[in-house]
Amino acid sequence: MLLNRSSGKERWRVRPDGPDKVTGKLAYLTDRTTPGMLFGRVLRSPYPHARILAIRTERAKQLPGVHAVLTHADIPGLNGYGIAIQDQPVLCWDRVRYVGDTVACVAAESALLAEQALALIEVDYEELPIMDSPSKAMAADAVKLHPKGNILHQTEFARGDIGEGFANCVHIVEETYISPRQMHTYMETEGGLFVPEADGRLTVHSPTQHGFMDRLQLSRITALPETAIRILSSPIGGSFGGKDELNVQPYGALLALKTNRPIKIHNSRQESVRAGLKRHPMTITMKTGMDGNGTILAHQVLITADTGPYATLGAEVLHFATEHVIGPYRYGTLDVQSVSVYTNNGMSGEFRGFGGNQAIFALEGQMDRLAEACGMEPWAFRLLNMRKPDDPGPFGHPIAPTDGARQVWDATAASPLWQEKQQVQRFTSSEPWLHTGIGAAFIMHGAGLGAGIPDPAGGRLVLAGDGVIEAHFGYEECGQGLLASLELMLIEQFGFASTDLRLIIGDTDAVPDSGSTTASRATTMMWKSLQKLRSPFISGLLGAAAELLSLPEEGLRVGEGGIWRKGEASEGSGILLLSYKALADGAAGRDIRAETKFAFPTTTFPRSGAHYLYTFAAVVVKVEVNTLTGRVHVLEQYHAVAAGPVVNPQGYLGQIEGGSIMALGYALTEEALMHEGRYLTTNLDNYFIPTIKDANGTVHVEAIEELPEGDDYGPRGVGEIGSVGVAPAILAAVHDATGKRLNKLPIDPLELLERPTFMAKAVMDL
């Protein structure tokens, strides 16, 4: 259910996609089937790094029931893909660079036959040295994984003389922070249905966060015009960034075109683990100094990211991390050096938070250590060094004016959980091996793709022939509540009823290109689009109605069900003058629509990735540490979020809660372990995601809705920010409980084991 607070009234509304989801009727894209379809499978490399000497497919092709066996020689267009850099082969021909690399693909009449065909493909490999860490890949004698070497991208930012800054410091803190390779663990693994049409076009039913980018990439690979490819990209059973890049789509498309039959591909969980994107593991070394009063004078950072074998958006993730290791604080001098390194490990790429999680984990850990070094209360230390409302962004670039940082700081300082931390006698337990602590972290998170990256937006409203008002947007519903938010915006901003509306998203044949459903941008862009569409669309409706009714346009208004006389209510006292169906019938031949195209607001600062809009948040957590087992249990969370007006209250709460649960795993249990380029973690039986038992602590969310005067950018997305600050807050709470400062995620229980004094005494007595 949704809470709609329009017109000062609280009204419960059914989420548009809710009934089908809770009853199981909703057909996700990987659920689709069609008569006559074949089953597709791909052959992946068994080696992290090897030269391909020969590929023999004759035996597989001769197997009855096999309709196609494709290798690199069968690709009509570009044998490569990647949103930013097309360096990942669709089908490898000279060498493989990780255990997920694809060498061949097959289509057969059953999944079993397809697997048998894969087993009959013979590939001769010559194993090559494995670059299984950034340090090994950056060594002078390292084997080059790509023609230009093993560095995907480097970036830096400096301000002032860092040496002089440290020379003036009274306290200096140095620490290295290590973050893990985390899996998205979406419930719906990668897959789809690929259908060749009678007119030569190709229809792709496959979960993705950017249908138009998929269309562009598949056009390059198949050598089909973009207009010959239709992408249906909603609904998605979870993505969190992991389906932003192509996965199985090239193979399904190529096999469908080769066989002229529909192709069904759906990765097993094990296949998804092996080939899917993961969060970038990063090592972040910080050296930060301050004067005797706690003012930060120097901040030096080195970020090393393991991007795996290919680029996808590794450079862009690095830009985001570089920006956010500076974050919402002021520094006398700065020196940030960052590098993203190719290795033979698993693919790293887009993930909820996009490099911000790693950056804030390190930055907030550093802030706590600095506060301790100068003897200040940690929240007061942050306020002393926090940005002011008119300060520029982290790179010194122009941003939208905001006092979100102070709003969040004030709300957090006044929160019951933080007030509880200030009590001298806080925690008592009859079980002395249980220690309780409270910690907090501050978050600044950029919205949108950032400067230098095309970031289109826009939408369309249409009065359809059947009298239903259609809203067309090129976004995808991946569980974040986008459809519910769009419906509520249309109800609140236009006065329509939910029954007046038809929401059309995720179909490249039917919607405009609104940009990617990523980077906390969709809510803002839908809201901004509707603001731009409101006047022309209402004018079109009222103009047509005025002609049909022979009444002055200025005396009419739109409302629930149709056209009303201005000043009369939609319910009770008023009389509906003209239904939308009657308007559509009467205005037949008159196209009543409005469309807008624009770009996401961005800074004019000429630095790739710098952001213009920022959301601020803070999280306070209360934990219980069992020093007999080393396990940490989160008892309570408080989130203060300054993201502008709340469009969809339940969706807002759901995003913060969902992000925080994902962050619990990041902090406490989740790591996709690798050894010599091979996954030790191969399935969910040895990769531990939080369950409802782990997430049963209370979560309080305080939404700070006020925006500065003149800010017309509307609500900011909250799909990412709830996942960013929980891990450093947990580590701060663990320190409060045990006195131990940790610097690596996920927390190793061995670090927290203690022999309680009562147990030591018992041993001594024996």
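Okay, let's start with a term: two strands pair if DSSP finds at least two bridges between them. Helices (H or I, at least four residues) and strands (E, at least two) are DSSP runs, numbered from the N terminus. As background, strands of a sheet pair through backbone hydrogen bonds, either parallel or antiparallel.

Two housekeeping points. This is a predicted model, where local features need pLDDT of at least 70, side-chain atom pairs count only at pLDDT 80 or more, and totals for chains, interfaces and linings use all residues. Residues are numbered from 1 along each chain as its sequence is written, and side-chain values use heavy atoms, with hydrogens and water left out.

Let's begin with β26, residues 613–626. In that strand, Ala618 sits opposite Ala640 of β27. β27 covers residues 631–642, and its pairing with β26 is antiparallel, over 11 bridges. The two make a hairpin with 4 residues between them, and in the turn Gly630 has a positive phi of about 80 degrees. β26 also pairs with β18, residues 434–447: that's 14 bridges, again antiparallel. There, Gly446 stands opposite Tyr614 in β26.

Next, β12, residues 202–205. Here both faces are covered: Leu202 and Val204 are buried on one side, Thr203 and His205 on the other. β11, residues 191–196, runs antiparallel to β12, with 4 bridges joining them. Pro196 is opposite Leu202 in that pair. Their hairpin has 5 residues between the strands, and Gly200 takes a positive phi near 90 degrees. β12 is also joined to β13, residues 229–232, by 4 bridges, but this pair is parallel. Opposite Thr203 you'll find Arg230 of β13. To get from β12 to β13, the chain goes through helix α6, residues 211–222, in a right-handed β-α-β crossover. Right-handed here means that, with the strands pointing away from the viewer, the path from the first strand over the helix to the second runs clockwise.

There's also an open sheet of 3 strands, in the order β6-β4-β8, with antiparallel pairing. β6 (95–96) and β8 (122–127) are at the edges with a single partner strand each, so one side of each has no neighbour in the sheet. β4, residues 50–56, pairs with β6 over 2 bridges, and Arg51 has Arg95 as its bridge partner in β6.

Finally, helix packing. Axes are lines fitted to C-alpha atoms, for helices over the stretch in contact, and angles run from 0 to 180 degrees between N-to-C directions. Under 35 degrees counts as roughly parallel, over 145 as roughly antiparallel, 65 to 115 as roughly perpendicular, and the rest as oblique.

α9 (residues 314–324) and α10 (residues 356–374) have axes that come within 8 Å and cross at roughly 25 degrees. That makes them roughly parallel. α11 (residues 378–385) and α12 (residues 404–413) pack at about 165 degrees with axes 11 Å apart, and are therefore roughly antiparallel. Which residues of α11 meet α12? Contact means heavy atoms within 4.5 Å, and Trp379, Ala380 and Leu383 meet Arg406, Trp409, Thr412 and Ala413 of α12.

Methods. Buried means under 20% relative accessible area, exposed over 50%, partly exposed in between (1.4 Å probe, protein chains only).
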